[in-house]
Amino acid sequence: MPLSENMHVLLIWSIVLLKLKMFHRVRPSLFFEQLGELGLLSFKTFKNIFKKPWEKKIFIQQLEEVGVRSFPVVSLTAAFVGLVFGLQTYVGFHRYVGPGSEAYGGPIISLGLSKEFIPILVGLMVSGRVGSAMAAEIGTMKITEQIDALFSLGADPNRYLVVPRMLACFIMLPCLTLYGDILGIGAGYFYNVFIMGVNRFIYLKNTLLYLELWDVISGLIKAAAFGIIIAIIGCWQGLRAEGGAEGVGRATTRAVVYSSISILLVNFFLSKVLPTRLG
Amino acid sequence: MIRIVGLHKSFGLNRVLQGLNLKIEHGETLVVIGQSGSGKSVLIKHLIGLLKPDKGEIFIDGIEITRMKDDELRKITRKFGMLFQGAALFDSMTVAQNVGFGLERYTGYPAEKIEKLVKESLAKVGLQGVEGLMPHELSGGMKKRVGLARAIAYKPEIILYDEPSTGIDPIRADAINDLINMMKKELKVTSVVITHDMVSSYKVADRMAMLYEGRIIEIGNPEEIKSSKNPVVQQFIHGKAEGPIENW
């Protein structure tokens, strides 16, 4: 990466750190302490993935919780984003390129949705639905000594609580994103072809010609990264909850805020790092 | 036997344990008394490895546990059963799943055997037909009893009781005291009871230890504690507001 680009990335990080500090009025030492805590939790969780016993029952429960139960919210989000994106590309092409050019909206809708919008929106939706639930559940377990009880009964709380949640998010976020891609692209197609009367053959031909498999895969890679972020931050906030119901509430809010910010940040860096073919 | 040597623990600026020394003999019931916030729960959480001390050592049957890694420590925690203050039942599991949890982890017995042992443990604490209930369907006293059934299910050698009589009425508290004595008699376990309830203390204790300002300031059998010359002990056991212990 050239020096100017490095400086650019450094500048963005500095702004983000400064903003976080301003918003949450945290001492820099506390900020780095929390970053260290998060790093340690992530390290321990990745290390524990390969250790037996595997918590299969909890893992399957989490697959259902993260994946199956998120289908309605992902369906609604993807469908309406696809529709509105279809609408705006139609207007854009009609206005700036001219009537008849609207069929070129297909690749733009597909590329924009599969690479950026669907992974981000699925990430944000799941962070609101699942990340907050993880923080609340684990936070409640923490303040009622259930996590201490787990330890005293021979279960490693990290292996029992964090690993299955992290793996479930890691697997289900790409699945939800792929589903959202199909639904979103389908909604864009529906709007253009069935509502606005765009030629379906040209629309489909353009879409298939310009959309590459890698575009979809890179979106899925992002979604997997967002899954890890949502689970680790949700569990981390739950595990550090203290002070009764108020503490659990605070942990829940923080889990959503921190994971949403992290998703947006990481998305930018992944968009830069993951290769994109221009021509 | 449990031996604690020079245990120190601080949380920020709050120095909770300040060089605590204590020895607990095999098969005895030791009651640790002290004010709320004096560090009694912190002490038993160190015994089971839930907290790591800043300084000091803990020996369980001659093995030093404070520097052990979690996986090694798990072999030691197998010796312990713990009854938590609020019972700490897993609220997403039924009573049977709660009681069988430690059995599954520590023994790996087949499901049928676990089911049988769960019923036996529940019967020991006087509960029958509650296996399918969820924790929110139980009263405070029942929760404690299920918590105790869970702690004894895998036949630990040492049982730790964190405020066993707190939050329940005096009659149920007395029933819990009877259970503690029964566990000692039937299972021949070593018991460490943390409490500030003097009625319970006198009923279950072989020996009592008073924790004050991070150290054990007095230890002896209930009669020796009652006749202690230490004004701090006297103020505490008689529950007087005036004396050397600060009220707030």
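Both faces of strand 3 of chain B are covered: T29(B), V31(B) and I33(B) are buried on one side, and L30(B) and V32(B) are buried on the other. Here a residue is buried if 20 or more other C-beta atoms, placed from the backbone, lie within 10 Å of its own; 12 or fewer makes it exposed, and anything in between partly exposed. Strand 3 spans residues 29-33, and five of its five residues are buried. In a regular strand the side chains alternate between the two faces of the sheet.

Before going on, a word on the model and its labels. This is a predicted model, in which local features need pLDDT of at least 70 and side-chain atom pairs count only at pLDDT 80 or more, while totals for chains, interfaces and linings use all residues. Residues are numbered from 1 along each chain as its sequence is written, and chains are lettered from A and ligands numbered from 1 in the order in which they are written. Helices (H or I, at least four residues) and strands (E, at least two) are DSSP runs, numbered from the N terminus.

**Sheets in chain B**

Which strands pair with strand 3 of chain B? Strand 8 (residues 190-195) is joined to strand 3 by five bridges and runs parallel to it; V32(B) has I194(B) as its bridge partner there. Strand 9 (residues 207-212) also runs parallel to strand 3, through four bridges, and V31(B) is partnered by M208(B). Two strands pair if DSSP finds at least two bridges between them.

Chain B also has an open sheet of four strands in the order 2-1-4-5, with antiparallel pairing. Strand 2 (14-24) and strand 5 (63-64) are its edge strands, each pairing on one side only. Helix 1 (residues 40-47) of chain B packs on this sheet, touching strand 1 (2-11), strand 2 and strand 4, and its direction makes about 60° with that of strand 2. Two bridges join strand 4 (residues 55-60) to strand 5, and I60(B) stands opposite I63(B) in strand 5.

**Helix pairs in chain A**

Two packed helices are described by the angle between their axes and the distance between the axes. Axes are lines fitted to C-alpha atoms, for helices over the stretch in contact, and angles run from 0 to 180 degrees between N-to-C directions.

| Helix pair (chain A) | Crossing angle | Axis distance |
|---|---|---|
| Helix 5 (105-143) and helix 8 (200-210) | roughly 45° | within 7 Å |
| Helix 3 (56-66) and helix 7 (157-195) | about 45° | 8 Å |

The angle makes helix 3 oblique to helix 7. Angles under 35 degrees count as roughly parallel, over 145 as roughly antiparallel, 65 to 115 as roughly perpendicular and the rest as oblique. The contact of helix 3 with helix 7 has eleven nonpolar, one polar and one charged residues. Ala, Val, Leu, Ile, Met, Phe, Trp, Tyr, Cys and Pro count as nonpolar, Asp, Glu, Lys and Arg as charged, and the others, Gly among them, as polar.

**Two loop residues**

E145(A) counts as buried because 21 C-beta neighbours lie inside 10 Å. A87(B), with phi near 75°, lies in the loop between strand 6 (80-83) and helix 3 (95-107) of chain B. A87(B) is buried too, with 27 other C-beta atoms within 10 Å.

Methods. Contact = placed C-beta atoms within 7 Å.
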